[in-house]
Amino acid sequence: MSGVRHLWIARHAEATSDETGLSPAGEQQAGLLGERLSTVPFAAISHSPLPRAVRTAAIVSAHLPGVPVQAADELDDRFPTDEPAASAAMIARFTGPASAERHELVVTHAFQVAWFVRDALQTPESRWRDVIPANTGLTVIRYFPGGRTRVIVFNDLSHLPAQLRWTGSPPELRL
């Protein structure tokens, strides 16, 4: 699949109540996500500069030796509709086809995951709040040459045991 960008997007793991790090459950979630992704040939890992995403990316990257890890201000936790220039910069940087097949991992926040999915599905900007990813929920979007985009999976939690699923989601989804 020459020129296909495979964008793997994960919401950070469960944060502590003050959001300065990860909860014990979050530490487990991040480790399990890293194990799940350990065989993907990633070219890069980018993450939000906020501590909960930084720590999630660090734990995941321990399972991906040699893959460069970098902070990306575009992935910061903000309402996409409040800062359209920042949202446009995020989409411009991380989407679209690549010059050669490329797998990239982005560790970010719920709002940004929702914005990537909304953009890929070409839905109205008002619809981004309808997309609710869980902590370490994994979303994969493929960007093909010629502009075709396909959401392969959204909010996959198969790497987590039942007790670690659905954190960060509305109470009615916590099964």
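A salt bridge is a side-chain nitrogen of Lys or Arg within 4 Å of a carboxyl oxygen of Asp or Glu. The views below come from a predicted model, in which local features need pLDDT of at least 70 and side-chain atom pairs count only at pLDDT 80 or more, while totals for chains, interfaces and linings use all residues. Residues are numbered from 1 along each chain as its sequence is written, and side-chain values use heavy atoms, with hydrogens and water left out.

**View 1. Arg 78 meets Asp 76 in a salt bridge.** Here the closest N and O atoms are 4.0 Å apart. Arg 78 has 16% relative accessibility and counts as buried (buried means under 20% relative accessible area, exposed over 50%, and partly exposed in between, with a 1.4 Å probe and protein chains only).

**View 2. Arg 93 reaches Glu 74.** The closest N and O atoms of this salt bridge are 2.8 Å apart. Arg 93 sits in helix α3 (residues 84–94) and Glu 74 in the loop between β3 (69–71) and α3, so the pair ties together parts that are 19 residues apart in sequence. Helices (H or I, at least four residues) and strands (E, at least two) are DSSP runs, numbered from the N terminus. With 31% relative accessibility, Arg 93 is partly exposed.

**View 3. Arg 118 and Asp 119 form a salt bridge.** Their closest N and O atoms lie 3.7 Å apart. Arg 118 is buried, at 10% relative accessibility, whereas Asp 119 is partly exposed, at 24%.

**View 4. Strands β5 and β6 form a hairpin.** Strand β5 (residues 138–143) pairs with β6 (residues 149–156) in the antiparallel sense over five bridges; two strands pair if DSSP finds at least two bridges between them. Look for Ile 141, which stands opposite Val 151 in β6. Five residues come between the strands, and Gly 146 takes a positive phi near 90 degrees.

**View 5. Helix α1 has a set of buried residues.** This helix (residues 24–37) has 14 residues. Among its buried residues are Gly 26, Ala 30, Leu 33 and Leu 37. The buried residues pack against β1 (5–11), β2 (42–47), α2 (51–61), β4 (102–108) and β5, where contact means heavy atoms within 4.5 Å.

Notes:
Expected span 1.5 Å × (residues − 1).
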